[in-house]
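Here is a short tour for someone meeting this structure for the first time. Have a look at it first, and then we'll go through it piece by piece.

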Amino acid sequence: MATQDGLETSREGDQQVSRMRGRIFEAMCLAATAIGLVAVGILLLYVTADAIRPFSADPGWHLVFFATLVVPSTGFGLYLYARDGNAGKVAYTALGLGLIGVLLAGALVILFVEIFPYGEWFALSIALAILGAVTVVHRRYRRHAETERTGLLIVTLLVTVFGIPPGAIAELLGLPFYIPSVRGLIASSPVLPLDWIMLVPSLVLPVAAAAGWFVRGRRESNRAGLVTAGAVIVGSVLGVGLGPVVGVGVEGWMLIVLSTAVPLGLYVESVLRRDEGRLGLLFPVVLVGGTLLGAVLTRTLGFAGPDPWLDWGFLTSATSTTPADAGIYPVMVGSIMLLIVIVLTTFPVGVGAAIYLEEYAPSSGLMGRLVTLIEINIGNLAGVPSVVYGLLGLALFVRFFQMPTGSVIVGGLAVGLLILPIIIISAQEAIRSVPDSMREASYGMGATRWQTVRNVVLPEALPGILTGTILAFGRAIGETAPLLMIGMAASVRVPPNGFFSRSGAMPRQIFQWARQFDPAFLNGVLPAGVVTLVFVLLVMNGTAIIIRNRYQRGS
Amino acid sequence: MTQDEMTDTNDGTDPTANAAADTPDPSGDPLVDQSIDVEGTSTTEQTSGTARTVLESRNLDVYYDDVQALNDVSLAIPAKQVTAMIGPSGCGKSTFLRCINRMNDLIDSARVDGELRFEGKDVYDDDVDPVALRRRIGMVFQHPNPFPKSIYDNVAYGLRVQNQTENMDEKVERALKHAALWDEVKDQLDKSALDLSGGQQQRLCIARAIAVDPEVILMDEPASALDPIATSKIEDLIDDLAEDYTVVIVTHNMQQAARISDKTAVFLTGGELVEFDDTNKIFENPENQRVEDYITGKFG
Ligand SMILES: Nc1ncnc2c1ncn2[C@@H]1O[C@H](COP(=O)(O)OP(=O)(O)O)[C@@H](O)[C@H]1O
Ligand SMILES: [Mg+2]
């Protein structure tokens, strides 16, 4: 009896110790998670407070906004969180879409104004339209001649983009005249059409057609499709009258409609039709309504708002020796151009390499071992410090290829090299997550490897690939060390006027501000720059998360 | 694509024509003897004694790196009948099946020795294009594996990759009807195939395989992941399919083999083909003691 009792108590004691250990372990893990998050969170709060300077506002201003914005939106948000998960999802998707759309519109405006003028885009879209028409006609008459079609398309592309200039080629072909490129044709016309007039056929109509087509398929009704397309066109063209009135210009209005209103409208339509989580649509309304109401109230009551460093002026002006005038615009343009170079170079190369390694490369034998070696080293490359990539960029692009020091192209290529391994690895992971049974099904149907990759593997892997690459691009935007090494400009007053001209970039500019002695720079301009950069990063990561959630397998 | 004999039935000709049973091999390959008697066919019910051999393996060995998965397998599979492969798991049934349409090419470590003839032509000859081969030999897998596309696009997939896009709607409808799925899905062809039940998905995979009108259909335990009702539907379907196609089915379910097959091959561990004969004979009076032990459940 006694011994049994003893046994039981000791076993119970053991269990208690073990349970205790488990709890301590759990607490330690939690603490480890929290330390990192809290540290970064505090830092960001601190920086944001410096950039926004909320305490420069009247207490009344805070009170008003607390009542109109904070209380209703938190209350509503908590309600959705607790009661209606679907509506919560709808709420943050709608909010995210709107935010991304507005940012995209801003980026597009900068793109058209600074980098790729409306006229160029117009010419390019006409060339693409001609290409499309050639494809359609050729497919109708010579359906199976695919090689011929490819050749024809290349020739058409060359002719539309470059034309056939007078000289050797024209003589060789025995042409008595020369064919101008589409771009040349437009440039030589006596009057250049207004920017927005060029925007209508080259962007508004295609987007309207795409939206209409999408709705037509979804609703299985031609009428719904036509109505959608019509609404997009009308909404855009309204900008001719309204754009200048609200201060964004005709083109700005059109771009906002196309990048924000159209996706948001389609999303709202789909939520209403599916009848799932409709309530969530109210969340953005609460936010916007609260902001407007707060603004009106504070204005009428005479409460002064804060005087932030991060304001419209900061976003639209160049840096300056006086902190109050300093802004981030030219380097923002520089960063966008860098990102263009990075995306155009690393996406095809990285995804191509990933496809090769996963789908084509042998996995056994001598070649297989070589491939494994390469894969291991791609992993190693992802861990090489970024300064080293800067050095590589300097040696390779500036010294060897004689590209201009500190130019957008060199910066983009150097940072591109840096994130290439990350893109390859994440794309490989996405491709690997496509189950083999899909590939077997495709091969078993007599599909070639290319058909399998194009029709089965890539569509399945694309959301994963996009998520990974967007995260990598976010990393690229914030990289500073390579930019220092290749000699990007410390601070610039005007945006670069081409990919080969010297430019600044947001992180480089931030680094420069951090070296000023004037405390107004350190405590005002610098935080404003940091918050701008971090905001861009957060939005990019948010986009990646939205894509991942939307296309997750099995949902 | 080269116009070798593995492709000639796909281009231009009416796809139903090449399934005609007793037409001589169109390639006229001298290596194939049209009148080969399949060993011991005296009791085959469907044909009176002889059936044309479509597939024939001679001394087939398969290795994965150093592991031998098939050991000296020789057998002849008759046209328009159901041939079942049974045996304990790991004995090489799937391996044999995947050799026939060269799906093993996708596994780098797999190596094949010996002969495997389809309509008289060794499928491992250098001039055979595995893609063209798979267009004539369809396959259905153990777990239903429809593409995450619409029902229509699943069935049309083979037609599209094989460039047979004329009268596609008709062909899709015919395949779905043949797979006994049409009535259940005819109003929802745009719906995702992943929304179907497991049994429906497997019938969709069968429809997908027969849409391109192959000559042979390979099935690797097509019902093992399904419930009894779905299984019996698939079994009925296989019975129907044998009227138009040569069916080779792997199963670990002996009753199933006994129910649906005309011929049965028994593999035992080590990748050995122990006995190959009419199904009746195998189940009622097997020659080999080990086969008898396996069938009666003494081991396996
Ligand atoms: N991809 C592979 N790589 C290496 N060995 C394999 C592979 N596939 C099958 N095998 C081996 O080959 C043998 C036969 O397998 P399999 O043909 O799948 O058997 P069954 O289908 O009869 O269960 C087994 O020993 C298995 O381990
Ligand atoms: Mg198997």
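Let's begin at B:Asp213, which is buried, with a relative accessible area of 13%. You'll find B:Asp213 in the loop of chain B that runs between helix H6 (198-211) and strand S7 (216-220). One thing to keep in mind from here on is that this is a predicted model.

What makes B:Asp213 worth a look is its backbone: phi is near 55 degrees, a positive value in a residue other than glycine. As background, most residues other than glycine have a negative phi. Chain B has another case in B:Asp72, which is not a glycine either and has a positive phi of about 55 degrees. B:Asp72 sits in strand S2 (residues 67-78) of chain B. Is B:Asp72 buried or partly exposed? With a relative accessibility of 42%, B:Asp72 counts as partly exposed.

## Chain B as a whole

Stepping back, chain B is built with 10 helices and 10 strands. The chain has 300 residues, and 56% of them are buried.

How do the parts of chain B touch one another? Take the contacts with a separation of 6 or more: 68% of them join residues 24 or more positions apart.

## Where the two chains meet

Now for the interface. On one side, 23 residues of chain A take part, and they are in contact with 28 residues of chain B. Together the two chains bury about 1,900 Å², and 55% of that is on carbon and sulfur atoms. In chain A, the residues that lose the most area to chain B are A:Glu440, A:Tyr443 and A:Met445, which together make up 31% of what that side buries.

How many residue pairs are in polar contact across the interface of chain A and chain B? The rule finds eight, with both residues at pLDDT 80 or more. On the side of chain A that touches chain B, the elements giving two or more residues are helix H18 (436-444) and helix H19 (449-478) of chain A. H18(A) gives the most, with seven residues. By type, this side of chain A divides into seven nonpolar, 11 polar and five charged residues.

## Two arginines of chain B at the interface

Between chain A and chain B the count is one salt bridge. It joins the side chains of A:Glu440 and B:Arg98, at 2.9 Å from N to O. The pair crosses from helix H1 (residues 93-100) of chain B, where B:Arg98 lies, to helix H18 of chain A, where A:Glu440 lies. B:Arg98 is buried, with a relative accessible area of 11%.

B:Arg135 reaches over to chain A as well: a polar atom of its side chain lies 2.8 Å from the backbone oxygen of A:Gly446. B:Arg135 belongs to helix H2 (residues 130-136) of chain B. This arginine is buried because its relative accessible area is 6%, and the cut-off for buried is under 20%.

## More salt bridges

Over all chains, the structure holds 27 salt bridges. One of the pairs within chain B is B:Arg203 with B:Glu184, whose closest N and O atoms are 2.9 Å apart. B:Arg203 lies in helix H6 of chain B and B:Glu184 in helix H5 (residues 182-185) of chain B, so this pair ties together parts that are 19 residues apart in sequence. B:Arg203 is buried, at a relative accessible area of 5%, whereas B:Glu184 counts as partly exposed at 33%.

B:Lys121 and B:Asp127 also meet in a salt bridge, at 3.1 Å from N to O. Here B:Lys121 is buried, with a relative accessible area of 11%, while B:Asp127 counts as partly exposed at 45%. Elsewhere, B:Glu56, B:Arg58, B:Glu115 and B:Arg117 are linked in a network of salt bridges.

## A threonine in chain A

Last stop: A:Thr156, in helix H5 (residues 146-162) of chain A. A:Thr156 counts as buried, at 13% relative accessibility. Its side chain reaches the backbone oxygen of A:Leu152 at 2.5 Å. Which residues does A:Thr156 contact, leaving aside its neighbours within four places in sequence? They are A:Ile130, A:Leu131 and A:Val134.

Notes:
Residues numbered from 1 in each chain as written. Chains lettered and ligands numbered in written order. Predicted model: local features only at pLDDT ≥ 70, side-chain atom pairs only at ≥ 80, totals over all residues. Heavy atoms only, no water. Helix = DSSP H or I, 4+ residues; strand = E, 2+ residues; numbered from the N terminus. Buried < 20%, exposed > 50% of the residue type's maximum accessible area, 1.4 Å probe, protein only. Contact = heavy atoms within 4.5 Å. Buried area = accessible area lost by both parts, 1.4 Å probe. Salt bridge = Lys/Arg side-chain N within 4 Å of Asp/Glu carboxyl O. Polar contact = N/O pair within 3.5 Å; in protein donor to acceptor, adjacent residues only side chain to side chain. Nonpolar A, V, L, I, M, F, W, Y, C, P; charged D, E, K, R; others polar.
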